[in-house]
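Please keep the sequence and the structure at hand while reading.

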Amino acid sequence: MYYDLHIHSALSPCSDDTMTIHNIFNMAYIKGLDLIAITDHNSLKQQYYLEKVIQSPILEGKINFIHGVELQSIENIHMLAYFQRGTDLKPIQQWIEQHLIKQENDCQYYGHQYIFDVNDEIEDEEQYLLLNSLRLNIYEIVEAIHRFQGIIILAHVLAQKYGIYEIYHGIPEDLDYDGIEVTCLKEYRDLKKLCPNVKDEYVFINSDAHQLEDIQEPIYTIDEDKLKRLWSQRICKKSL
């Protein structure tokens with residue numbers, strides 16, 4: 001499956017206002033992707049109409065998704081949390097809101113934080129700035145996401161801003177993450193030199209798109225069964 005599992009909608013203030021649900025799915029379909037994840041900063045509020053959107057005549061049976069969110073720890077590290085379709089997201093959203101550092105969003109400075117309905121009409125606008133951190137460290141976030149039956153991928157690990165390597169000067173070996181995200185294969189090779197013991201069974205190369213044209217081309221693939229094993233392996237670890 002061709003994938004892009006790191007795409008921001010217009011709910012993320014740093015994203016373009018044209019990043020509506022339909023626009024994202026349609027652009028991904030036009031580009032030839034099979035699987036996407038919308039991963040807004042510290043919010044799942046754009047996720048609730050995704051099931052209905054992909055049942056449209058144009059998209060039905062042609063593109064799939066998993067639920068996602070990009071979380072920011074108190075150390076300013078970005079982590080992607082993924083959840084399977086059918087997951088009850090409301091308790092997870094309540095947990096995020098409970099721990100988000102509250103600050104009113106200044107839309108003139110940071111940008112709007114639009115929430116769209118199934119027809120891409122603006123349904124609401126998020127009041128609190130989603131670019132702030134949660135009052136939780138990376139270990140607490142990993143533990144909570146796994147408790148919610150989710151998967152944790154360390155986002156853009158070598159990025160100078162919000163990447164875990166820059167903060168920790170490595171990747172803690174006792175951190176129970178499920179995979180890593182890099183920007184290209186060269187970065188992955190560089191990471192292996194810096195962190196030989198990195199858990200790299202699951203390596204994702206995503207776009208981190210904030211504009212429609214930045215959504216990834218059909219370059220990188222993942223086997224559907226291998227993706228499903230992310231969750232089955234996590235369940236097995238939990239039962240031990």
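The model is a predicted one. Lys45 pairs with Glu126 in a salt bridge, and their closest N and O atoms are 2.8 Å apart. Because Lys45 sits in the loop between strand E2 (35–41) and helix H2 (50–53), while Glu126 sits in the loop between E7 and H4, the pair ties together parts that are 81 residues apart in sequence. Glu126 has 10% relative accessibility and therefore counts as buried, the limit for that class being under 20%.

Another salt bridge joins the side chains of Arg85 and Glu51, at 2.7 Å from N to O. Arg85 belongs to the loop between strand E5 (78–83) and helix H3 (90–99) and Glu51 to helix H2, so this pair ties together parts that are 34 residues apart in sequence. Arg85 is partly exposed at 37% relative accessibility, and Glu51 is partly exposed with a relative accessible area of 27%.

## Other salt bridges and a network

How many salt bridges does the structure hold? The count is eight. One of them links Lys192 to Asp200, with 3.1 Å between the closest N and O atoms. Lys192 counts as partly exposed, at 28% relative accessibility. Asp200 is also partly exposed, with a relative accessible area of 24%.

## Surface patches

A patch of negative charge on the surface is made up of Asp17, Glu123, Asp124 and Glu125. Glu123 belongs to strand E7 (residues 122–125). With 44% relative accessibility, Glu123 counts as partly exposed.

A nonpolar patch on the surface is formed by Tyr29, Ile30 and Ile58, which together have about 310 Å² of accessible area. Ile30 is part of helix H1. Is Ile30 buried or exposed? At 66% relative accessibility, Ile30 counts as exposed, since the class begins at over 50%.

## Helix H4

Helix H4 covers residues 138–147, and its buried residues are Ile138, Ile141, Val142, Ala144, Ile145 and His146. In general, an α-helix has 3.6 residues a turn, so residues three or four places apart point the same way.

At the start of H4, Asn137 places a side-chain oxygen within 3.0 Å of the backbone nitrogen of Tyr139. After H4 comes Gln149, which has a positive phi, near 65 degrees.

## Positive phi in loops

Most residues other than glycine have a negative phi. Asp120, which is not a glycine, has a positive phi near 70 degrees. Asp120 is located in the loop between strand E6 (114–116) and E7. Its relative accessible area is 19%, so Asp120 is buried.

His156 likewise is not a glycine, and its phi is positive at about 25 degrees. The loop between strand E8 (151–154) and helix H5 (164–168) contains His156. With a relative accessible area of 10%, His156 is buried.

## Two buried loop residues

Ser15 lies in the loop between strand E1 (3–7) and helix H1 (21–31). Its relative accessibility is 7%, and Ser15 therefore counts as buried.

Val198 is found in the loop between helix H6 (185–194) and strand E10 (203–205). Val198 counts as buried because its relative accessibility is 7%. From C-alpha to C-alpha, Val198 and Met27 are 33 Å apart in space, and 171 residues separate them in sequence.

Definitions and conventions: Residues are numbered from 1 along each chain as its sequence is written. This is a predicted model: local features need pLDDT of at least 70, side-chain atom pairs count only at pLDDT 80 or more; totals for chains, interfaces and linings use all residues. Side-chain values use heavy atoms; hydrogens and water are left out. Buried means under 20% relative accessible area, exposed over 50%, partly exposed in between (1.4 Å probe, protein chains only). Helices (H or I, at least four residues) and strands (E, at least two) are DSSP runs, numbered from the N terminus. A polar contact is a pair of N or O atoms within 3.5 Å; within protein, one must be able to donate a hydrogen and the other to accept it, and residues adjacent in sequence count only if both atoms are side-chain atoms. Patches are made of residues with over 30% relative accessible area and no salt bridge: like charges are joined within 9 Å, nonpolar side chains (Val, Leu, Ile, Met, Phe, Trp, Tyr) within 5 Å. Accessible areas come from the Shrake-Rupley method with a 1.4 Å probe; for residues, only the protein chains shown count as cover. A salt bridge is a side-chain nitrogen of Lys or Arg within 4 Å of a carboxyl oxygen of Asp or Glu. Lys and Arg count as positive and Asp and Glu as negative; His and the chain ends are not counted. The place of a charge is taken as NZ of Lys, CZ of Arg, CG of Asp or CD of Glu.
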